[in-house]
Amino acid sequence: MHDVTTKFADYFKNYNKILTRKKKKSAPLLNIKIDAYAAEGKSVAKLDDGKILFVDNAIPGDVIDVVIIKDKKNWAQGRTLRLVSPSPQRIAPFCQHFGICGGCKWQMLPYAQQLIYKQQQVADQLTRIGHVELPEMQPIIGSPHERYYRNKLEFTFSTHRYLTFEEIADRDEKYTPVPALGFHAPGLFDKVVEIKTCYLQHEPTNLLLTLLREYTTSRNLPYYDAKAQYGWLRNVIIRVASTGEVLINLIMHHEDKEEREALLQYILQNIPGITSLNYTINPKVNDTIHDLEVVCYHGKNYIEEKLEDYRFKISPKSFFQTNTYQAEVLYRITREFAALTGTEILYDLYCGTGSIGIFCSKNVKKVIGIEVVEDAIKDAYENAALNNLTNCSFFAGDVEKVCTDAFFDEHGRPDVIITDPPRAGMTEKLIQQLLKIRAPKVVYVSCNPATQARDLQLLNDSYRITRLQPVDMFPHTHHIENVALLELRS
């Protein structure tokens, strides 16, 4: 426990140094006991006046000093200043970047306890927001891999390394920003946390980071300044598939053929086993590349991923579930909930590159996939062809606009609908269309139980919820997936 206490004391003391340089709006609250977990990574304490306090970077059982940063009538939001006494649940984080990098905020919790809190979050949000009758929820399915589970990561080159509170407090007036390669600091678009070792993805990720840092520093290659909008190197995306194939896409602000070719050749010579090496020129203000050309410099312009016996082409701009191991689990649950017999017309809404529909294709008569991103639909057709499937059709367009009576009449009324919307959930217009079409079964795959709960309430008059299964795709984060089976009321 002493090592854990020391590690967290060193982390939280940095707040005091930086706060002494600013005028405090309110005096700190001392020795506040954290009572319970809330949701979205926040824990709660009850203050003496009965007000509920929400706090980041604290877990049930912690005793902390905290400063109020938002004060409402019945609740407040606080920022942890100091860990006075750690919860018995706390363990030492395994990553040197914990507390600075925003990627794995729950490393201080044993994974088994993370799963308990995630299941609690799903139950609380479905009950508190949904206000619908719920079946017994199945125990959450945890990830078999707590580390090295992501198949895709994106790192940023920046002229401004993120400084800790302690470094800011100690710097002098002559300080000059230094470049960094790593992840964006939470909430800051123009500063990057220098990442030495990342535990989210298998090699060659860390080797690539080391080589890029050494090579670019030795040749004084300019990193990009997001605020001033100048510089050369912007991002590097790396995908490592469960098949062992590796895709790298190096993103630069402008073309410099001599330096680009030298850097790409250096990567090829020093990173073994690259399947697809690509580059992209991005002169835009933002980092998105969906509307830009990706040039394949070496190998093929995609890698292959597998789920069960199904193969999927993953191009540099493709969307694919980032935890391959758990994606297979999630899709099996979805298919099981659908209880397909081979005669059904299955609609796959927000289908992306067609992965869920293809995963279910051998058990249905026909798959109809709908997705707003046109490139994803192209990938979906390629994936269907790769698996020799002839019963899958995919359509590009806004789901709520495509799903009309005329579309259903042309392609067949759905027997089963699988919907996997973004975190914002389904639109009310689409929900009204689903209520009108009255498919016998709807399987709702959600990455945000709060918006899922809202949507379930809107569907409640016509559908009853008969099965619930939380699935953890992202260990050491507060994110959680939940699958719900809805069956048409008689």
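Colleague: At what angle do helix H11 and helix H12 pack, and how far apart are their axes?

Modeller: Two packed helices are described by the angle between their axes and the distance between the axes. In this predicted model, H11 (residues 428-437) and H12 (residues 449-459) pack at about 40°, their axes 10 Å apart. H11 and H12 are therefore oblique to each other. The crossing of H11 past H12 is right-handed.

Colleague: Which residues make the contact between H11 and H12?

Modeller: From H11, Ile431, Leu434 and Leu435. From H12, Asp455, Leu458 and Leu459.

Colleague: Now helix H4. How does its reach compare with the expected value?

Modeller: The expected figure uses 1.5 Å a residue. H4 (residues 205-218) has 14 residues and spans 20 Å between its first and last C-alpha, close to the 20 Å expected. After H4 comes Asn220, with a positive phi near 55°.

Colleague: Which residues of H4 are buried, and what covers them?

Modeller: Thr205, Asn206, Leu208, Leu209, Leu211, Leu212, Arg213, Tyr215 and Thr216 are buried. Their cover includes strands E7 (152-158), E10 (233-240) and E11 (246-252), along with helix H5 (257-270).

Colleague: Next, the largest nonpolar core. Which members touch the most others?

Modeller: Leu233, Ile248 and Ile267, out of 75 residues. Helix H6 (residues 324-338) gives the most to this core: six residues.

Colleague: What does Leu233 contact beyond its neighbours within four places in sequence?

Modeller: Its contacts include Phe157, Thr216, Tyr223, Leu250, Met252 and Leu263. Another core, of 37 residues, lies apart from the largest one. Among its members are Met137, Cys403, Leu468 and Ala484.

Terms used. Residues numbered from 1 in each chain as written. Predicted model: local features only at pLDDT ≥ 70, side-chain atom pairs only at ≥ 80, totals over all residues. Heavy atoms only, no water. Core = buried A, V, L, I, M, F, W, Y, C linked by side-chain atoms within 4.5 Å. Buried < 20%, exposed > 50% of the residue type's maximum accessible area, 1.4 Å probe, protein only. Helix = DSSP H or I, 4+ residues; strand = E, 2+ residues; numbered from the N terminus. Contact = heavy atoms within 4.5 Å. Expected span 1.5 Å × (residues − 1). Axes fitted to C-alpha atoms, helices over the stretch in contact; angles between N-to-C directions. Parallel < 35°, antiparallel > 145°, perpendicular 65-115°, else oblique. Left-handed = near helix turned anticlockwise from the far one by under 90°.
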